[in-house]
Amino acid sequence: MADALPEGDLTDEQQRKIADRWVRVQAEVAQAAQLAGRQPSEVTIVGVTKYVPLSAALALHHAGCRQLGESRPQQLWERAEALRDQSIAWHMIGHLQRNKVPRTIAVSQLVHSVDSERLLLAIDQAAAAAGSRCRCLLEVKVAQDESKHGIAPEDLEGVLHLAAQRSHVEIVGLMTMASLDGTLEQARREFAQLRVLRDQIASKFPEWPLKELSMGMSHDFREAIAEGATLVRIGSHFWEGILM
Ligand SMILES: *Cc1c(COP(=O)(O)O)cnc(C)c1O
């Protein structure tokens, strides 16, 4: 299984460096967890492969990273198809248009980026048609940043009420991205905001434990882990100096 596909355009050295990087990133994530008084096993690393060729995604998977994330639906479909024999759990982390929902949910083990009621309903409908149930996170816009997608914090309860009436979506948590041009202190405040929001909602809706918090990327995963992230989405930190 592991050698079903050639790693073609990567040199042996690049493959070795990717494997070393995986070890290092795991150690860094574990250290951040320990600093926060948490177990390393509480934090899952999603390796974001959007910048690199398929061969690099495969090399990261072979190194041991079982969860991979893509932000563009088309690339996610192609890669999930090309690597379908591998035991990869794919995560859809980017903005999703409704017409791309059926093919996306067919290959995703978790959709991080549910940013509107309309999208939620489209996912429910597509999952119903496929006879499945889609695990989702609601993307919340806590950053001030105008460019960001996401549900406004004050609208979150309404969206959860809607989700509760649908049987083919399962909301397992929340996702956010920190302000693009903010400091790490600001990122940490935004992550804390998401956690507080989750705690408030979970206390009002016992049926929604919202266990997962997807927050933190290459430059701010330590802050996110300190504030309770259970999923960190790490891209460039894997590839810098090797493929970027
Ligand atoms: C690209 C991307 C990431 C990874 O970003 P890096 O800074 O490269 O780690 C994480 N989350 C989302 C939604 C992304 O689009």
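A: Start with Ala33, which lies in helix 1 (residues 12-35). The model is predicted. Ala33 has 0% relative accessibility, so this residue counts as buried; the cut-off for buried is under 20%.

What does Ala33 touch, apart from its neighbours within four places in sequence? Its contacts are Arg38, Gln39, Pro40, Val43 and Ile225. Another part of the chain is worth a look here. Glu223 is 190 residues from Ala33 along the chain, yet 10 Å separates their C-alpha atoms.

Now stay with helix 1 and look at its packing. Helix 1 packs with helix 2 (residues 54-63). Two packed helices are described by the angle between their axes and the distance between the axes. For helix 1 and helix 2, the angle is about 50° and the axes are 9 Å apart. The two helices are therefore oblique to each other. An angle under 35 degrees would count as roughly parallel, and 65 to 115 as roughly perpendicular. The crossing of helix 1 and helix 2 is right-handed. Helix 1 brings Gln15, Ile18, Ala19 and Trp22 to this contact. Helix 2 brings Ala56, Ala59, Leu60 and Ala63.

Next, the strands. Strand 1 covers residues 44-48. Is strand 1 mostly covered or mostly open? Mostly covered: four of its five residues are buried. Strand 1 runs parallel to strand 8 (residues 231-234), and four bridges join them. In that pairing, Val46 has Arg233 of strand 8 as its bridge partner.

Strand 1 also pairs with strand 2, again in the parallel sense, over two bridges. Here Val48 stands opposite Gly69 in strand 2. How does the chain get from strand 1 to strand 2? The path goes through helix 2, and this β-α-β crossover is right-handed.

Move on to strand 3. Strand 2 (residues 67-70) and strand 3 run parallel and are joined by four bridges. Glu70 has Met92 as its bridge partner in strand 3. The chain goes from strand 2 through helix 3 (residues 73-82) to strand 3. This β-α-β crossover is right-handed.

Which way do the residues of strand 3 (residues 89-92) point? Ala89 and His91 point one way, and Trp90 and Met92 point the other way. All four are buried.

Strand 3 also pairs with strand 4 (residues 110-114). The sense is parallel, and there are two bridges. His91 has Leu110 of strand 4 as its bridge partner. The chain passes from strand 3 through helix 4 (residues 101-107) to strand 4, in a right-handed β-α-β crossover.

Helix 5 (residues 117-129) and helix 6 (residues 156-164) pack at about 15°, with their axes 10 Å apart. They are therefore roughly parallel to each other. Their crossing is right-handed. Which residues meet there? Glu117, Leu120 and Leu121 in helix 5 meet Gly158, Val159, Leu162 and Ala163 in helix 6.

Leu156, Glu157 and Leu160 of helix 6 make the contact, together with Leu197, Ile201 and Lys204 of helix 7.

Is Leu210 buried or exposed? Its relative accessibility is 1%, so Leu210 counts as buried.

Definitions and conventions:
Residues numbered from 1 in each chain as written. Predicted model: local features only at pLDDT ≥ 70, side-chain atom pairs only at ≥ 80, totals over all residues. Heavy atoms only, no water. Buried < 20%, exposed > 50% of the residue type's maximum accessible area, 1.4 Å probe, protein only. Pairing = 2+ DSSP bridges. Right-handed = clockwise from strand over helix to strand, strands pointing away. Axes fitted to C-alpha atoms, helices over the stretch in contact; angles between N-to-C directions. Parallel < 35°, antiparallel > 145°, perpendicular 65-115°, else oblique. Left-handed = near helix turned anticlockwise from the far one by under 90°. Contact = heavy atoms within 4.5 Å.
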